[in-house]
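Hello,

Here is the structure I promised to pass on. Please open it first, then read my notes below.

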Amino acid sequence: MAKKIDLGKTKFHLLAVSVAADLALVKKQGEAISLEAMNAKVLVARAGVLALGFRPITDFMVQLAASTIRLVQEIEKEALAVSHHSVARLRTSNAVQMAEKAQALAKDSGARHRASIDGFVASMLETDIQTNENVLNHTQKLILLLEEIVELMMAASAVSSSARVESAAIDVRFSQSFQSVSNKLEQCSGTVREKVKTNLAVLEKALSVQRR
Amino acid sequence: MKATVIYQSGDHQWIIFGRDPDKKDKIVDTNQHMVMSGGKAILLDPGGIELFAPMLAAVAHHVPISNITTLFASHQDPDIISSLGLWDQVLEDASLYAPWLWEGFIRHFGCDKITYAAIPDEGMDIRIGGRTLTFVPAHYLHASGNFSVYDPVAKILMSGDVGAALLPDDAPMVVEDFDDHIQYMKAFHQRWMPSNKAKQVWVDRVRQLDVEMMSPQHGAIFKGDDVNRFLDWFEALDVGIAVS
């Protein structure tokens with residue numbers, strides 16, 4: 001959804017909620033990793049000494065799932081903040097536009113008290129700039145959170161490789177099950193990375209357009 | 001936007017802003033009123049978002065914007081008060097007087113800096129500079145929480161949608177031929193006003209006041225005998241016709 005937005009006319013309040021909606025899938029992947037981690041823990045318990053090497057991997061998967069879900073929740077919160085500040089920006093920009101129009105009309109028609117408009121137009125412009133800064137700052141925070149997820153998933157990918165090696169060394173009765181856990185971890189990590197990277201690209205481009 | 005001074009005595013003034021030549025065709029024409037006294041000003045039904053810029057520029061001809069201390073909204077309609085979010089960013093320390101009933105709704109237009117002063121159902125008096133204005137109940141005419149504004153010194157009643165007429169763009173500001181004027185207001189009152197009982201209560205209430213000018217939010221001003229002509233006409237009119 002986020003990919004279709006015309007960046008020349010980016011409306012951050014729409015973009016942010018679209019990113020948040022898109023990342024609902026990431027949360028699902030986090031929950032899937034969590035389930036796989038539980039599954040792996042059961043397998044480790046059943047395999048006992050035969051799967052000792054897999055124990056730190058399951059611990060990592062539990063942490064990974066919790067971190068992913070926590071980050072998605074933070075992203076939702078930050079996306080809401082971007083949306084909120086963006087709507088405030090729309091309002092301040094609109095007010096500045098209207099006030100500048102009134103300023104021009106008052107000047108053209110020689111309004112006696114036109115100077116009384118000038119004062120608050122200047123202060124409205126300051127508010128508008130500050131509101132825009134708020135949008136940009138929260139968008140930057142959103143980007144950092146997304147980057148954090150990407151890093152997390154790159155670590156997950158590395159761990160899934162180790163997990164595959166480890167599962168090959170496990171007793172043949174358990175090897176296939178551990179292999180399956182490793183594959184699912186790699187699959188989840190890949191899906192999340194792809195989804196997050198797409199949204200990151202959209203946000204980064206929108207941010208650079210807005211900063212210009 | 002055209003500004004017409006309809007009353008002046010010392011620093012006590014009533015001005016109507018309306019007949020905006022740049023108004024978009026499909027937007028209904030509105031009259032915005034400003035009452036000034038003692039260096040303070042109140043805007044009565046300051047209008048919609050679309051009119052904000054010309055309205056602000058027009059007001060600056062008469063008063064420094066910082067002198068606008070008060071806004072009044074007779075009810076919650078967008079042509080009455082959808083500009084609130086913009087006034088909110090322009091005015092410092094201002095209050096909006098509006099029906100208590102509509103507070104949660106009107107705030108949707110944006111009301112962060114402006115103080116919402118809720119008018120109780122029975123109405124109230126406020127002071128603007130050295131003058132008193134009375135908010136006269138006009139409930140169900142047409143909104144379920146609705147007020148007219150009466151100035152006992154200027155003897156002007158700002159009647160909101162009561163007396164409104166949908167006139168051609170070049171129509172005069174004052175009703176010149178009452179009988180001819182009926183064609184522009186009859187359907188409006190029959191359809192917009194929902195209750196004969198509410199209508200009668202308002203007519204009885206207004207008959208108790210000394211009104212020399214009745215100025216609605218759309219259309220033209222009724223002066224002198226035309227005020228009573230209007231009250232008689234309105235009293236006899238069957239309203240709320242859409243249900244029959």
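First, a definition: helices (H or I, at least four residues) and strands (E, at least two) are DSSP runs, numbered from the N terminus. Two strands pair if DSSP finds at least two bridges between them.

This is a predicted model: local features need pLDDT of at least 70, side-chain atom pairs count only at pLDDT 80 or more, and totals for chains, interfaces and linings use all residues. Residues are numbered from 1 along each chain as its sequence is written, while chains are lettered from A and ligands numbered from 1 in the order in which they are written.

Start with chain B. W14(B) stands opposite V35(B) in β3(B). Strands β2 (residues 12–18) and β3 (residues 32–37) of chain B pair in the antiparallel sense, over 5 bridges. An open sheet of 7 strands runs in the order β1-β2-β3-β4-β5-β6-β7 in chain B, with mixed pairing. Its edge strands are β1 (2–9) and β7 (115–119) of chain B; each pairs on one side only.

Now chain A. It has 5 helices and 0 strands. Its radius of gyration (taken over C-alpha atoms) is 25 Å, well over the 17 Å that the globule rule (2.2 Å times the number of residues to the power 0.38) gives for 212 residues, so chain A is more spread out than a compact globule. Its C-alpha atoms fill a box of roughly 90 × 25 × 20 Å, taken along the principal axes.

Where do the chains meet? 18 residues of chain A are in contact (C-beta atoms, placed from the backbone, within 7 Å) with 16 residues of chain B. On the side of chain A that touches chain B, α3(A) gives the largest share, 9 residues.

Best wishes

Conventions. Contact = placed C-beta atoms within 7 Å.
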